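Keep the viewer open and follow along.

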Amino acid sequence: MSIRLAGAAIFLVAALYAWTAQDYTASFGDVLGPSVFPVMVGIPAMALALSLVVFPGGTVSWPSGDRLLRQAMALAALVVYALLLEGLGFPIATAALIAVVAIVLDGPPGKSLLIGVAGSLSLWVLFDQLLGLPIDFLGSFFTG
Amino acid sequence: MEILSSLALGFSVALQPLHLALLLFGCFAGTLIGAMPGLGPVNGVAILIPLTFAFGFDATASLILLSAVYFGCMYGGRISSILLNIPGDEPAVMTTLDGYPMAQQGQAANALAISGVASFVGATVAIVGLTLFAPLLARAAIYFGPADYFALYVMAFATIGGLAGVDPRKTLLSALIGLMIATIGLDPATGIPRYTGGSFNLYDGIDPIVALVGLFAISELMFLLERAIKDRDAAIRLTTWIPEAKVILGTAWATVRGAVVGFVAGVLPGAGASLGAVMSYSIEKQVSNKNNTFGKGDPRGVAAPEAGNNSASAGALIPMLSLGVPGSGTTAVMLAMLISLNVQPGPLLFERQPDLVWGLVASLYMANVMLLILNLPLIGLFTRLMAIPTWSLMPLVVAISFIGVYSISNSTFDLYVMIAFGVLGYVLRKLDITLVPLVLGLLLGADMENNLRRALSISGGDYGVLVASWISVALYLATAAFLALSIWLGLRDRKRAPAAE
């Protein structure tokens, strides 16, 4: 079932892709134009995706509830990190990221926090001090 | 003679202090990355690329570092295969079959030494092959016109999934998804923005490096979270580090056979180290399994796949350097780095930047010797480092990936792109759609379109130009034959499967 659904999803994306390509026109430039190549790619992709809907191959076993929750938590941590990195500044945000990912990976909370703080500080020294990564110790939330 | 003078040039490049230091670091880090379950050559190399940019290394230095890591991984993968029964990376899967039983029988020191020596022989055979054949292939490729390159890319996409096991439709679909992603951004010929949704962030297209780190590092984290990590068997303890010379010598022929088979598998587009190991093992089993000892701790079953995967991984560099079409996932990632540094691999690379090509080749000879030393007398160090638990290592890897990607353009937009590609990579891998063709499509898409453009503007829009030269016709025929063969094999397997039940 998963394969059929994925096939259908890829088919829709490819169809949209090939359809959109027709609007790309250039009055100047080269013989090929900007729309031919995307159409050349999109149509076989539609055909292959459709064949996966009709004749699905293979089976997929998705992770169970508990594991899925862990994955969602890890993904949330990654997105939140990207959101807050510039606000919190590198060391605080990275320490939190490392600690959360470690805990989600079954690490003991105390030690995970320790690794987060130690890891982020050493990475900050390595990248900021040695490489000159242009990021402040404290982010825009603190410095205004 | 020409080769000798080229090699002399190469060694003069490779012996520069920075290059030597990177080589040593790469060998050490690579062995460690290979030995850690969950980290393999592809994600190891992908994570390191943004860091090489941050350090401001030039193409030669970066390539030397990444190749050393790549080779180191091939050596390191066997350590956890033998001691933990968990392959350290994908190509080391075959090594578990006889390596772990040997370790259970108290032969761990022998198994590690055999596989170390086999890795050395395999890699050496392939580097000699690289020295001899890569320049020849590059010279032949000079005659390729734009239409021939277009045909070559079509062939690379069709064949990269390899022959056995995978559904060829999924492989092709993966390549097409990669090509679709590659067209995002400003069209290089006409300047029209395509598929940007009006976002200026996407005008430059998707940075392949950002996509790669997401596809490999972040999706690996998702896979790691899916498995129960806690219940992992303890590593087998070693009673002695001293191997027996007699056992090692007994595997000499298995090693040589494995090295040759692996090399052939590596040079073929898309086969790569994993297939090299599988082919070496199964051929060795057919040749030597007289008393049904394979799978129960036969030393030859350790030597053949280790020689095979090392030799295949070096062989895969040949099409990458001389044609610009990588032979495996890791070489595809290395190609991404070269393209980002404005180095276009292909036949002209050998003429324009001989110091890069031959510096790399010379470094590989030296890396191989360093790795043998690291992996025989110093093996105890790696087995101790392997005991570091996953929950403390993986978060650091994730953090380093984020810093690396952020440092490319100092924008958090790239971080979202990376996470999105991580999810995409995870879902595709769950659906059994391999990522290597996607990466190849993403990397070569722009070049493929450009070659099509060039061919058509030469012919004034006549599509007949695509099949006008015998080179392109031969490439299309080879592609068709390959696809027919893989579909036939797939149908045969499907017929066989119900019969076996």
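## A buried threonine in a loop

B:Thr183 is buried in this predicted model; its relative accessible area is 4%, and the cut-off for buried is under 20%. To find B:Thr183, look in the loop of chain B that runs between helix H8 (168-182) and strand E1 (185-186).

Next, move to helix H17 (residues 354-375) of chain B, where B:Val361 is found. With a relative accessible area of 3%, B:Val361 is buried. Its contacts, leaving aside neighbours within four places in sequence, are B:Leu7, B:Ile127, B:Leu130 and B:Thr131.

If you draw a line from the C-alpha atom of B:Val361 to that of B:Val427, the separation is 37 Å. Those two residues are 66 residues apart along the chain.

## The largest nonpolar core

In soluble globular proteins, nonpolar side chains tend to be buried together. Here the largest nonpolar core has 193 residues, and the residues with the most contacts inside this core are B:Phe71, B:Leu221 and B:Phe402. Helix H4 (residues 59-84) of chain B supplies the largest share of the core, 17 residues. Domain 1 (2-54) and domain 2 (65-143) of chain A both contribute residues, so the core lies between them. The C-alpha centres of these two domains of chain A are 39 Å apart.

Leaving aside neighbours within four places in sequence, B:Leu221 is in contact with A:Ala74, A:Val101 and A:Leu105 from chain A, and with B:Met394 and B:Val398 from chain B.

## Cavities

Rolling a probe the size of a water molecule over the atoms shows where empty space is left. How many cavities of 30 Å³ or more does a search of the whole structure find? The search finds four, and the largest cavity has a volume of about 80 Å³. Eleven residues line the largest cavity; closest to its centre are B:Met36, B:Pro37, B:Ile388, B:Thr390 and B:Leu393.

Helix H19 (residues 390-409) of chain B gives the most to this lining, with three residues. By residue class, the lining of the largest cavity divides into eight nonpolar, two polar and one charged.

## Two positive phi angles

For anyone checking backbone torsions, two residues deserve a look. B:Asn85 has a phi near 65°, a positive value in a residue other than glycine. B:Asn85 sits in the loop between H4 and helix H5 (93-104) of chain B, and at 36% relative accessibility it counts as partly exposed.

B:Asp432 is not a glycine either, yet its phi is positive, at about 70°. The loop that holds B:Asp432 runs between helix H20 (412-430) and helix H21 (436-459) of chain B. B:Asp432 is partly exposed, with a relative accessible area of 49%.

B:Val436 lies in helix H21 of chain B. Is B:Val436 buried or partly exposed? At 22% relative accessibility, B:Val436 counts as partly exposed, because buried means under 20%. B:Val436 touches B:Ile160, B:Ser328 and B:Gly329, not counting residues up to four places away in sequence. The C-alpha atom of B:Val436 is separated by 25 Å from that of B:Leu396, 40 residues apart along the chain.

The last stop is B:Lys296, found in the loop between helix H12 (272-288) and helix H13 (299-315) of chain B. Leaving aside neighbours within four places in sequence, B:Lys296 is in contact with B:Asp98, B:Pro101 and B:Gln105. B:Lys296 and B:Val261 are 35 residues apart along the chain, and their C-alpha atoms are separated by 23 Å.

Technical notes:
Residues numbered from 1 in each chain as written. Chains lettered and ligands numbered in written order. Heavy atoms only, no water. 1 Å grid on protein atoms, 1.4 Å probe; cavity = no way out; pocket = protein on both sides within 12 Å on 5 of 7 lines; lining within 4 Å. Points joined across faces, edges and corners; volume = space filled by probe spheres on them. Helix = DSSP H or I, 4+ residues; strand = E, 2+ residues; numbered from the N terminus. Nonpolar A, V, L, I, M, F, W, Y, C, P; charged D, E, K, R; others polar. Core = buried A, V, L, I, M, F, W, Y, C linked by side-chain atoms within 4.5 Å. Buried < 20%, exposed > 50% of the residue type's maximum accessible area, 1.4 Å probe, protein only. Domains from an automatic or database assignment. Contact = heavy atoms within 4.5 Å.
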